[in-house]
Amino acid sequence: MTLAPRSDPGHEHEAALIVRIQSGERELFYELIRPYERRVFVIAFTILRNEADAEDVAQDAFLKAFKYLAQFRSESRFSTWLIQVAINEARQRQRKSHLEIMRPITDQENEDGTYTPRDFTDWREIPSEALERKEIREKLVAALGSLAQKYREVFVLRDVEHMSIEDTAQALGISAGAVKTRLLRARLMLRDLLSPGLDGNWATNSQIPKGTNPWS
Amino acid sequence: MGNEFADSKGDKPVVVACEHVLREISNYFEGDVDPALRQALEEHLAQCPRCQSIHDGMRNVIALYSDEAMFPLPDGFYPRLHGRLADQVEGRRLSRRAWLVSVGVSGALAASAVCAAVLDRLVPRPLSEMSQPARRLPQRLVAIVDGGKIFHVPGCPFMHGTYHMVTAQEAVLEGYTPCTRCMRDALRSAGKVKPDFEGEESAGGATDGK
């Protein structure tokens, strides 16, 4: 199974839109950001883990993007730049809210250290109706929310929003190697958190131990 | 599975250990392994139930989270977003008026606080109080002169040199204090400030009470 990044709207189309916006057709800003409205919210929500804060940050990010559009350099991808703005806004909000004191214990792990999966519970297939069940979606959101922020950020950009490794690295200001390392760890931890998975009684009985370290 | 990993040399096959599978399994899903290693990983997975379990679990994780619709948007998200953007994007005069009204409200609050401040004018005020008006307008973009300590309303005549723009909230968090002149002018233009506000400057620029 090979993953391919979800294609972004045409770079040239966006560059042309930006030129027109800067020339005074300001209403085109809505068209420019439309593909990314949900994405910005999802990323902010993943960082902040709070719906109201995430919405507020998303609004702030779009406002800031509009204000600073003149500074956007067209050789970059608009979506990556916009997400950088959103991530910075979310991080600032988080610092302001002192949410870092709620940092999960997984932050203390050594990123380069070896990792041993918690168990080897068999989890072969996903029932087709899984994602239609609200409680399962909530489990997934809670599991992701229990990871340390550096893992949440990488995972949401790559595996939820399907940004490329390179764009993820650029948006987060880290190396592609660091993205890969964190992505591996995030995927393994989520696999552990969500096992025994949908083959077992996951949806009815298991509890995701938020803020704990079940794979130690 | 305890085979040692060895690089592919000529016809020598690549053999991987469980530890190597664990390191490469994510890259495997990315398609970021060379063909020889990919084949070795798949051969290992076919014979090792434990690594196959990790493979299956990771595959399921990637599949389950692949739809951003898993994160529902709050009701009314789009109208609220577009409503907030409208003033800026569409350049409505309402935006300016709304800002002035909010400045006016802040000014009214500040003016009442100034009355109290006059009574203890000699008492130094902490910087955090000086930035109180900015906190009332956290998203207002303000200008910081490079190398300076004060932030201004853009276009302030007392601002010299190169500057960069940040929100008032950021400026406060970074320790900058507001220019009382341009704030005073902004408040005055809102028509909400009594003349005695001008005495505020000598009180250290505070525009809000304790």
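Two residues count as in contact here if their C-beta atoms, placed from the backbone, lie within 7 Å. This is a predicted model, where local features need pLDDT of at least 70, side-chain atom pairs count only at pLDDT 80 or more, and totals for chains, interfaces and linings use all residues. Residues are numbered from 1 along each chain as its sequence is written, with chains lettered from A and ligands numbered from 1 in the order in which they are written.

**View 1. Helices H3(A) and H4(A) cross.** On one side, A:Val40, A:Phe41, A:Ala44, A:Phe45 and A:Leu48 meet residues of H4(A) including A:Ala54, A:Val57, A:Ala58 and A:Phe62.

**View 2. A:Ala44 and its neighbours.** Leaving out residues up to four places away in sequence, A:Ala44 touches A:Ala54, A:Val57, A:Ala58, A:Ala86 and A:Ala90.

**View 3. Chain B against chain A.** Here 40 residues of chain B are in contact with 49 residues of chain A. Helices H1 (18-30), H3 (49-64), H4 (77-89) and H8 (168-173) of chain B each supply at least two residues to chain B's side. H3(B) gives the largest share, 12 residues. Chain B's side splits into 20 nonpolar, 11 polar and 9 charged residues.

Methods: Axes fitted to C-alpha atoms, helices over the stretch in contact; angles between N-to-C directions. Helix = DSSP H or I, 4+ residues; strand = E, 2+ residues; numbered from the N terminus. Nonpolar A, V, L, I, M, F, W, Y, C, P; charged D, E, K, R; others polar.
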